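Reader: Before I rely on the words used for this model, I would like each of them set against its definition. Could we go through them in turn?

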Amino acid sequence: MRLIIGGYAQGRLAYVMERYSLTEEDVWDAAKEPISKWKSQRVIYHAESLVSGWLSEGVNPCEACGELLPQWKDTILITQEVGCGLVPVTAKQREWREAVGRFNTYLAANAQTVDRICCGLSMRIKGKAEE
Amino acid sequence: MTILVTGGSGSGKSLLAEQLSFKLKRDPFYYLATMQVWDEECKRRIARHRKQRAGKGFQTVETPTGLKEAATDLKPGGTALLDCISNLTANEQFEAKVYDPAQTVIDGVLAVQERMANLVIVTNEVCSDILPTDEQTLAYLRYIGAVNCELAKAADVVVEVCSGVPIIWKGEKLYYEIMA
């Protein structure tokens, strides 16, 4: 499993498409459908959105994600950095932001490579460059 | 030589950008200021900043909006420091209300790049937070993101500053040559 992380509008999807020579059919958007609709597409975009679904079902995102890890061996997950601003005003947002942070950390710990994206550029922060 | 400097608020990116400008100094030595003048307090602050920078050899040009047009008045061949992209983008979106703020800012910066021997650009990392719910602010983040991606392509060096420590995203060898 590979993890791509970075801020909003930093060109994360464009980077993945180019680097792994993928097409639109390879991309599944977690912001649009529940995880049950994922059909083994190579890329899971907006992975942070998975957390919303799990939280609303009262499920621990890291536990739910742990069950999916065996299916994600060749999957590229694109997630968003959401923890570098002020503490959100509502309790719900605070819970979501915290959970996304833990979820991203969990993904990174289980990923073979982690690429951080900024201004459309990439930096491998986990794993060797040639992996 | 074009350098893009990014980082969070108070990370020391303006200071590093200034240091890089001095290393690449040529005449004319421009500071492209982007603060919008709202009131007397702004005027006083801007006057103070101009004076500070004049002491450092900078010639300040106020370019809160319309950078592309302002670029034609710059004498070519010098070094310019542009601080910062987030101000420029906000001014184009909320003040000038141009149709495409991102493209307007990109075109402006590229016009300056074409005239200058060296350009150091300061931008801002504002996209790593929980997303705002209103479309205007979200659009603002999209514009800044688009500008940053485009300027990173056009830059020889891209450096992120974290607590004053540079993290080089592009052009590492060049960066250390300049700073040597």
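Author: Two strands are said to pair if DSSP finds at least two bridges between them, and the elements themselves are DSSP runs numbered from the N terminus, with at least four residues (H or I) for a helix and at least two (E) for a strand. This is a predicted model, in which local features need pLDDT of at least 70 and side-chain atom pairs count only at pLDDT 80 or more, whereas totals for chains, interfaces and linings use all residues. Residues are numbered from 1 along each chain as its sequence is written, chains are lettered from A and ligands numbered from 1 in the order in which they are written, and side-chain values use heavy atoms, with hydrogens and water left out.

Reader: How do you know that strand S1 and strand S6 of chain B pair?

Author: Strand S1 (residues 2–7) and strand S6 (residues 157–162) of chain B are joined by 5 bridges and run parallel, and because the definition asks for at least two bridges, they count as paired. Within this pairing, Leu4(B) has Val158(B) in S6(B) as its bridge partner.

Reader: What makes strands S3 and S7 of chain B edge strands?

Author: The open sheet of chain B has 7 strands in the order S3-S2-S4-S5-S1-S6-S7, with mixed pairing. Strand S3 (59–62) and strand S7 (165–170) each have a single partner strand, so one side of each is left without a neighbour in the sheet. Neighbouring strands of this sheet are turned by 20 degrees against each other on average, direction ignored.

Reader: Which strands stand at the edges in chain A?

Author: There the open sheet has 6 strands, ordered S2-S3-S4-S1-S5-S6, again with mixed pairing. Strand S2 (27–29) and strand S6 (121–126) of chain A stand at its edges, each with a single partner strand, so that one side of each lacks a neighbour in the sheet. Strand S1 (residues 2–6) of chain A is joined to strand S4 (residues 76–80) by 5 bridges in parallel, and Leu3(A) stands opposite Leu77(A) in S4(A).

Reader: Why are H1(B) and H7(B) called roughly perpendicular?

Author: Helix H1 (residues 13–23) and helix H7 (residues 172–179) of chain B pack at an angle of about 75 degrees, with their axes 9 Å apart. Angles under 35 degrees count as roughly parallel, over 145 as roughly antiparallel, 65 to 115 as roughly perpendicular and the rest as oblique; H1(B) and H7(B) are therefore roughly perpendicular. On the H1(B) side, Leu16(B), Gln19(B), Leu20(B) and Lys23(B) meet Tyr175(B), Ile178(B) and Met179(B) in H7(B).

Reader: How do you know whether Ser128(B) is buried or exposed?

Author: Ser128(B) has a relative accessible area of 10% and is therefore buried. This residue lies in the loop between strand S5 (118–122) and helix H6 (135–154) of chain B. Leaving aside neighbours within four places in sequence, its contacts are Gly7(A), Glu81(A), Val82(A), Gly83(A), Cys84(A) and Gly85(A).

Reader: What makes a set of residues a nonpolar core?

Author: A nonpolar core is a set of buried Ala, Val, Leu, Ile, Met, Phe, Trp, Tyr and Cys residues joined through side-chain atoms within 4.5 Å. The largest has 29 residues, and Leu4(B), Leu32(B) and Ile121(B) are among those with the most contacts inside it. H5(B) gives the largest share of this core, 6 residues. A second, separate core of 26 residues includes Trp38(A), Val51(A), Trp72(A) and Trp96(A).

Conventions: Buried means under 20% relative accessible area, exposed over 50%, partly exposed in between (1.4 Å probe, protein chains only). Contact means heavy atoms within 4.5 Å. Axes are lines fitted to C-alpha atoms, for helices over the stretch in contact, and angles run from 0 to 180 degrees between N-to-C directions.
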